[in-house]
Amino acid sequence: MNILLYSPDNGVTRNFMPHLWMFLLKSLTPPEHQVFLIDGNAQPMTEDEMARFVQSHDIQLVGISAMTRMAARAYRIADAIRATGAKVVFGGPHVTEVPDEPLGRDGGPRHADAIALGEADYTWPRIVQDAASGNLQEIYAPVGPDNREVKPSLGDYPEIPWETIPLEQFNMIGKLPRIVRSLLKKKTKSWESFYVLPIESGRGCPYGCDFCTVTGFFGDSIRFRSNESVIAELRRVKNRARADRGTVGVFFVDDNFAINLKRTKALLRAMIEEKVTLTWIAQISVNLLKDEELLDLMAASGARCVFIGLESVDAENLSEVHKSFNKPADYEQALKSLAHRGIYAITSFIFGMDGDTPGVAERTAQVMKNWPPVLPVFSLLTPFPSTPLYKRLLEAGRLTRPKHWLDFRPFTMSFIPHKISINEAETEVREAWTLAYSPGTTREAMRKISDRPLSERAVVFFARLAFRGIYFPQVRRRQWLSLLWSNRHVLLSLCYEALQKSRSAPPPDSVEARREIA
Ligand code: B12
Ligand code: SF4
């Protein structure tokens, strides 16, 4: 049977890091079936194009995953697929939270033939077999014979064959203008491709923040893969990069990569000892970033960026959403300790919390003035179904769009905030993005790291230019040129410095150069 695993585009961003679930399910598919993968964020498709693909490749089963924000788009694509006669099975957090919706049991239209609830590592092979024999059931739940929930232990984690999986659609080099591509090729042989690949080393988070679906979905007990299995996977990733003459980075998608400090340190030490260090990113909560030994091991094993859910600079807000383990007083030191080691943070903020008042964008920007450069992300508090936040707002009658995902609008509130109006909160988010990525802020950010190596500063600068574009379209040449023009002072000074450096470098075959290479 031919199977397609499809991740719909999220309608806002063009993130080119593929989703892990599709590689995982492909690896768990019985070998007699052929599996195709398409990520709509990297390879956008209309409903008609998808229907044609399904027909021309004789696909009989399509697996779709969707975050809440992608649900409406996913349903439209699913309708087009089902019209061809292929069966559609949905999985992932959203349908687990609202299982009646895709099955049309809530009074709305039906979009799925079947759904997989929760973690599907053990149910997916059964779904495939049932579909192949024409016996697809409606609901697959991860339960044992005694009807109790079974959580994959991750002790039997499958091998994801990174060496052989076709990855062209995720090659970031392919998305760059031709001139940049040829410059990169000239400079070094290892830039024929560039992928950021997702790897998980553990699942679950015990913290249970009000707005988050993770504790409800994965549970509060944390499960880890063995260090050996993670190291073997990293080795496969590195082999792939070598074979492609490309560069690869890894995103450890664990919810809190350092939740068990002892285990994380052991893994990082193993990476260093086994020589499988490579550039990596992970999500780590700020309270765990005080451990100097952890930070040293992170730097030595290749960490270049950490995603930190800071959420707010106001302690009262954090306590409201049950995230008081974040202490705003600690933020600055944690970020400085990271930057001191060449690790920069993506800091995520949420506006519209009950303590937020007009001016929250400016207040946040003031606090950030003392920080080393960061890549901030600002969003509005979003009540995802089944979260404690959703239940609380529903009971209080504060949801203005209880099914906001069926009419997804980016940066738009779906409930009445407390001390700020809906309009004001939405304006604050836009204001925060503008302040954080203004040419003045970037210039100031670069000044703060003027003592760091040129290559590191160049990466920070270009990351700041490109990062905002993930959330706000910035793909046209004119948009890029205007961005470069408004940041021309920093750009020119970096270029000038690079030129000086290359002029003062010894000729390639001189004694000094040979000594430097040695
Ligand atoms: C990595 C990650 C990201 C990364 C990259 C995304 C990517 N390309 O992978 C980044 C940082 C970009 C990101 C951004 C966001 N994320 Co995010 N992210 C994650 C994270 C931590 C890991 C995802 C993952 O790979 N998990 C491991 C895999 C194996 O688990 P899984 O995907 O759930 O798959 C399992 C099952 O669900 C099931 N399954 C899944 N799909 C399917 C499909 C079929 C057919 C079947 C049968 C089974 C099945 O089987 C799998 C194996 O058991 C999750 C939290 C989490 N732990 O999952 C949040 C999570 C997915 N993100 C979330 C959110 C909200 C966001 C943002 C909207 C945050 C923001 N405000 O900006 C953005 C939106 C990004 C976008 N472009 O739309 C929410 C989604 C909640 C929801 N109900 O929609 C999650 C669940 C975290 C949370 N806080 O609740 N995210
Ligand atoms: S710490 Fe992060 S993953 Fe854990 S519950 Fe809170 S927001 Fe979710």
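Analyst: One convention is needed before the ligand shell is discussed: Ala, Val, Leu, Ile, Met, Phe, Trp, Tyr, Cys and Pro count as nonpolar, Asp, Glu, Lys and Arg as charged, and the others, Gly among them, as polar. Please also note that this is a predicted model.

User: How does the shell around ligand 2 divide by class?
Analyst: The shell around ligand 2 has five nonpolar, five polar and one charged residues.

User: Which residues surround ligand 2?
Analyst: Ligand 2 is surrounded by Cys-205, Tyr-207, Gly-208, Cys-209, Cys-212, Val-214, Thr-215, Asp-255, Asn-256, Ser-285 and Gly-309.

User: Turning to the domains, what does the assignment give for the protein chain?
Analyst: The assignment gives domain 1, residues 2-140, and domain 2, residues 168-473. Taken over C-alpha atoms, their centres are separated by 27 Å.

User: How many residues are in contact between domain 1 and domain 2?
Analyst: In domain 1, 22 residues are in contact with 20 residues of domain 2. On the side of domain 1 that touches domain 2, the elements giving two or more residues are helix H3 and helix H4 (93-97). H4 gives the most, with three residues. The residues of this side of domain 1 divide into ten nonpolar, eight polar and four charged.

User: And the sheet: in what order do the strands come?
Analyst: Six strands form an open sheet in the order S2-S1-S3-S4-S5-S6, and the pairing is parallel.

User: Why is one side of S2 and of S6 left without a neighbour in the sheet?
Analyst: Strand S2 (34-39) and strand S6 (139-140) stand at the edges, and each has a single partner strand, so one side of each lacks a neighbour in the sheet. The pairing of S6 with strand S5 (residues 114-116) is parallel and has two bridges. Ile-115 stands opposite Ile-139 in S6.

User: What about S3: is it mostly covered or uncovered?
Analyst: Strand S3 (residues 59-65) is mostly covered, with six of its seven residues buried.

User: Which strands pair with S3?
Analyst: Strand S1 (residues 2-7) pairs with S3 in the parallel sense over five bridges, and Val-62 in S3 is the bridge partner of Leu-4. Strand S4 (residues 87-91) also runs parallel to S3, joined to S3 by five bridges. Lys-87 in S4 is the bridge partner of Leu-61.

User: How does the chain cross from S3 to S4?
Analyst: The chain passes through helix H3 (residues 71-82), and this β-α-β crossover is right-handed.

Methods. Residues numbered from 1 in each chain as written. Chains lettered and ligands numbered in written order. Predicted model: local features only at pLDDT ≥ 70, side-chain atom pairs only at ≥ 80, totals over all residues. Buried ≥ 20, exposed ≤ 12 C-beta atoms within 10 Å, placed from the backbone. Helix = DSSP H or I, 4+ residues; strand = E, 2+ residues; numbered from the N terminus. Pairing = 2+ DSSP bridges. Right-handed = clockwise from strand over helix to strand, strands pointing away. Near = placed C-beta within 6 Å. Domains from an automatic or database assignment. Contact = placed C-beta atoms within 7 Å.
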